[in-house]
Amino acid sequence: FMAMLLMPLFMPRGVTVDNLVRALIALTLFTAAYMAEIVRGGLQAVPRGQGEAASSLGLHPLAVQLLIVLPQALRLVIPGLVNTVIDLFKDTTLVSIVGLFDLLGIVGQASKDQAWLGMAREGYAFAAAVFFVCCLLMSLGSRGIERSLAHPERRPARRLGHKLRHVHLKANRASLPSSSSRDMPASPPG
């Protein structure tokens, strides 16, 4: 709506902008606003003490933000960012409002062709499968990124690694002196 009707009102007389450029500008502005809100929420979620601790160590305020606060905030907002990217991918169908064709528009046009009459279901099923696969791949990629950036104590334990760690801890406990021998005073020599 904004790209089709309002953007031409803000342009000087005689200046026309291509429909594709208008759609790109509108989607970019809306997505940038959503992304900024998500990152702002992540920045607010980082405890203030993190920045204060870095400042007390003598880091420059820019270094505090870039090296301490921002990485923690981005780790927190990965699900929101990926959700916005998936929404943007699905919103590409809105370019049909400004007269451009996307995957669904092409399926709609193909269903009106004489050679494709009666095959609209297959076209829409294919489009649904393409959208589903793309969104699924983005979600799985997001999950992988979240796991790789998670705190070590919050990472899900892998089965073999968890068992090996458990055996290693048992072996270390067995090599420690028992509590009864540690608590008893040393006997005098002789």
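View 1. L6 has its place in helix α1, which covers residues 2-10. The model shown here and in the following views is predicted. Together with M4, L5, L9 and F10, L6 makes a nonpolar surface patch of about 530 Å². The relative accessible area of L6 is 30%, and the residue is therefore classed as partly exposed.

**View 2. Overall architecture of the protein chain.** The protein chain contains 9 helices and 0 strands. Read from the N terminus, the order of elements is α-α-α-α-α-α-α-α-α. Of its 190 residues, 17% count as buried. The chain exposes about 14,600 Å², and carbon and sulfur atoms supply 66% of this area. When contacts between residues at least 6 apart in sequence are considered, 62% of them join residues at least 24 apart.

View 3. R40 is partly exposed, with a relative accessible area of 39%. E37 is likewise partly exposed, at a relative accessible area of 45%.

**View 4. The salt bridge between K90 and D87 in helix α5.** The side chains of K90 and D87 meet in a salt bridge, with an N to O distance of 3.9 Å. Helix α5 (residues 78-91) holds both partners, which stand 3 residues apart, or about one turn of the helix. K90 counts as partly exposed at 41% relative accessibility. D87 is also partly exposed, its relative accessible area being 33%.

**View 5. The largest nonpolar core.** Five residues are shown, namely V46, A54, V64, V69 and A73, which form the largest nonpolar core. Helix α4 (residues 61-76) provides the largest share of this core, with 3 residues.

**View 6. A53 in helix α3 and its distance from I68.** A53 lies in helix α3, which spans residues 48-56. With 39% relative accessibility, A53 counts as partly exposed. A53 and I68 are separated by 15 residues in sequence, and their C-alpha atoms are 9.7 Å apart in space.

**View 7. The cysteines C134 and C135.** The count of disulfides in the model comes to 0. C134 takes part in no disulfide, and the nearest cysteine sulfur, belonging to C135, lies 6.9 Å away. Seen from C135, the closest cysteine sulfur is that of C134, and the separation of 6.9 Å is too far for a bond.

How values were computed: Residues numbered from 1 in each chain as written. Predicted model: local features only at pLDDT ≥ 70, side-chain atom pairs only at ≥ 80, totals over all residues. Heavy atoms only, no water. Disulfide = S-S within 2.5 Å. Core = buried A, V, L, I, M, F, W, Y, C linked by side-chain atoms within 4.5 Å. Buried < 20%, exposed > 50% of the residue type's maximum accessible area, 1.4 Å probe, protein only. Helix = DSSP H or I, 4+ residues; strand = E, 2+ residues; numbered from the N terminus. Patch = residues over 30% accessible without salt bridge, like charges linked within 9 Å, V, L, I, M, F, W, Y side chains within 5 Å. Areas by Shrake-Rupley, 256 points an atom, 1.4 Å probe, with all protein chains shown as cover. Salt bridge = Lys/Arg side-chain N within 4 Å of Asp/Glu carboxyl O. Contact = heavy atoms within 4.5 Å.
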